[in-house]
Each structure stands twice: as C-alpha cells, then as structure tokens.
Amino acid sequence: MAGMERMSDREALVKICGGEDMAKRVERVWDEMMEKKRLDLSGQRLNDEDFTFLLKGMHMFARTTGFQTERIKPFPIEELDFSGNELTHKGIGDVVQFARTQGSDATLIDLSDNRLDDEAASELARLVKNYSSIATHSFIHQLLLSGNSLGRSGATKLIQYAHWERDRYKNEDKPPQALKLDLSDNCIDRPADLIDDLKSKRIKCTSRKDDECTVFLPDFMDQRDALPDPPPRSSSGPPRTYNKYDSASASTSRRGDVAAALRAASRTAGAAAAA
C-alpha cells in the first residue's frame, strides 16, 4: 500500500517470534550455534509455545542472514540439546520436524528432563527412523530421554522402531551403528521383563555394553514409579468459578507438590540408611 514502509527483517523477526525478548534469544542462539556447531537450548524451561516461536524465528533468521536459500539446508550442527525444558506431547512435533530438517546433521539429540509421556512416543519414533528419503540410510547415534514420564507402551514403540529401521540395513557394507537410547529415570514398569519380552520377538536390545545389539539402553533398570492420578474432586459444595489464571496456578501447584514429595522420599531414604 502506498505510503507504508516495507517491514524490516528485524521487525519481521520480532513479529514471528511473538516479541522482542524471543527475537533477541534467537539472535543469541544463532551466534552460539554457528560458533560451537551445536544448538544448546538446555535448562531454559521453555514450554511448547516458546519452542514454536523460537524454531520459527531460527528458520526466518537463517533466511535473512543469507544462510538459507530456497532449499532447506541443514544447519552446521552435530548436537541438539533441548534438555531441562517443559516440552510435552503437544509441542514435540515442532521439535522433531526441526531435528529432521534443519537439524538433520546432528547425531545426538538430548530431550532429557522434559515432560514427555507415552502420548509423545509416536512423534519421538520419527527420530529413531531413517532420515534419508533415498536408497541409503542416515540415522542419529544417540537419543537421550532420561528424566521424562515415558511408560512401558512408549518405550516399547521407540525400541521396536529403532531396531526395525536399523536391522533393514544390517547386510550393507556400512551398516548403521547401534542407537544409544537413554530411557533411564522414566516410568517404565518391569524394565527387565520388557527387555526379555522384546528379545523373544527378535528385537536386539540390551542394557549391557558388551552385548551385540541394534539398540543400547543405558541404565534401563533405573526407573521410578509413575505419579498417581489426582483424586476426584468432591462434588459437595458450590461449583467453583474458574478464571484465566487457574491453569497456570494449578500447574505450578502440581509441580510444587511433586518436588515436595521427592524431597520427602529422599529424606526418608537417608534416614533409613543412617539407621
């Protein structure tokens, strides 16, 4: 429209990032990534929406800097570190898509200490599959998922897909190396029985380094009990009126309750050991 100035690249970045703070974060992360050859977003407590804004901003910044042309070109990174955030099954799809496109040169992906459960397993399974769309193979070497809330169902899906995809290329001149799949400190019931069950189906997985396998599961026996579902709210009394702040306060309260329970358990274990 006549009289209107064209939006600058910086203004466009701020808009797609949802604000100035996230735009500055994108610029800082980009500079660090180009210097260290790894994308480090660890320990920033980013939620699903934050990741959506940040990854869109990274894509735009790659274009405005001239790094990205019409074709999607992988970023020059060997590792993707998303650990220590608040990712759930609702936002993991954007992260997985980024890993398989701009982050496809990375051989290590760290998603430990997030909030991923069995509902995220279908998207996570895309990370253990072959990245190549032609008659060759391209696989990640390590997928770190410790400290999440994956259960038996999600673990089974990831281990099976990781094995099946790699087993297809076992007779090639350069077969893919075994995947290190860290599922420790999750909520996987009877982990030893699960390994035995998978082995009976010819899935080559193991938690021992000296075994031949397609999927190596370090510290797989180290699991925790799943948190119980909250008790149903009493129907007695007047109905509660909700407001826009309830969801956030409830989430904060739940996290506080969990942390308190873990601290109490630790104190109990310490007292028992001392006795």
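This section describes the sheet and the helix packing of a predicted model.

Local features were taken at pLDDT of at least 70, side-chain atom pairs only at pLDDT 80 or more, and totals for chains, interfaces and linings from all residues of this predicted model. Residues are numbered from 1 along each chain as its sequence is written, and side-chain values use heavy atoms, without hydrogens and water.

Seven strands form an open sheet; this sheet of 7 strands has the order S1-S2-S3-S4-S5-S7-S6. Its pairing is parallel. Strands here are DSSP runs of E with at least two residues, helices are runs of H or I with at least four, and both are numbered from the N terminus. Two strands pair if DSSP finds at least two bridges between them. The edges are held by S1 (38-40) and S6 (205-206). Each has a single partner strand, so one side of each lacks a neighbour in the sheet.

Strand S4 (residues 142-144) pairs with S5 in the parallel sense over 3 bridges. Leu144 has Asp182 of S5 as its bridge partner. From S4 the chain passes through H6 to S5 in a right-handed β-α-β crossover. The term right-handed applies if, with the strands pointing away from the viewer, the path from the first strand over the helix to the second runs clockwise. Strand S5 (residues 179-182) also pairs with S7 (residues 215-216), in the parallel sense and over 2 bridges. Here Lys180 stands opposite Phe216 in S7. Helix H6 (residues 152-167) lies across S5, S6 and S7. It runs at about 175° to S5. Axes are lines fitted to C-alpha atoms, for helices over the stretch in contact, and angles run from 0 to 180 degrees between N-to-C directions.

Helix H1 (residues 9-17) packs against two helices, H2 and H3. The axes of H1 and H2 (residues 20-36) come within 7 Å and cross at roughly 110°. The two are therefore roughly perpendicular. Angles of 65 to 115 degrees count as such, those under 35 as roughly parallel, those over 145 as roughly antiparallel and the rest as oblique. On H1, the contact (heavy atoms within 4.5 Å) is made by Arg10, Leu13, Val14 and Cys17. On H2 it is made by Glu20, Met22, Ala23, Lys24, Val26 and Glu27. This contact has 6 nonpolar, no polar and 4 charged residues. Ala, Val, Leu, Ile, Met, Phe, Trp, Tyr, Cys and Pro count as nonpolar, Asp, Glu, Lys and Arg as charged, and the others, Gly among them, as polar.

The axes of H1 and H3 come within 8 Å and cross at roughly 160°. These helices are therefore roughly antiparallel. Asp9, Ala12, Leu13, Ile16 and Cys17 of H1 meet Phe53, Lys56, Gly57, Met60, Phe61 and Thr64 of H3. The contact divides into 7 nonpolar, 2 polar and 2 charged residues.

Helix H3 (residues 48-64) also packs with H4 (residues 92-100), at an angle of about 30° and with axes 9 Å apart. H3 and H4 are therefore roughly parallel. Their crossing is left-handed. Phe51, Thr52 and Leu55 of H3 contact Asp94, Val95 and Phe98 of H4. By class, 4 are nonpolar, 1 is polar and 1 is charged.

Technical notes
A crossing is left-handed if the near helix is turned anticlockwise from the far one by less than a right angle, and right-handed if clockwise.
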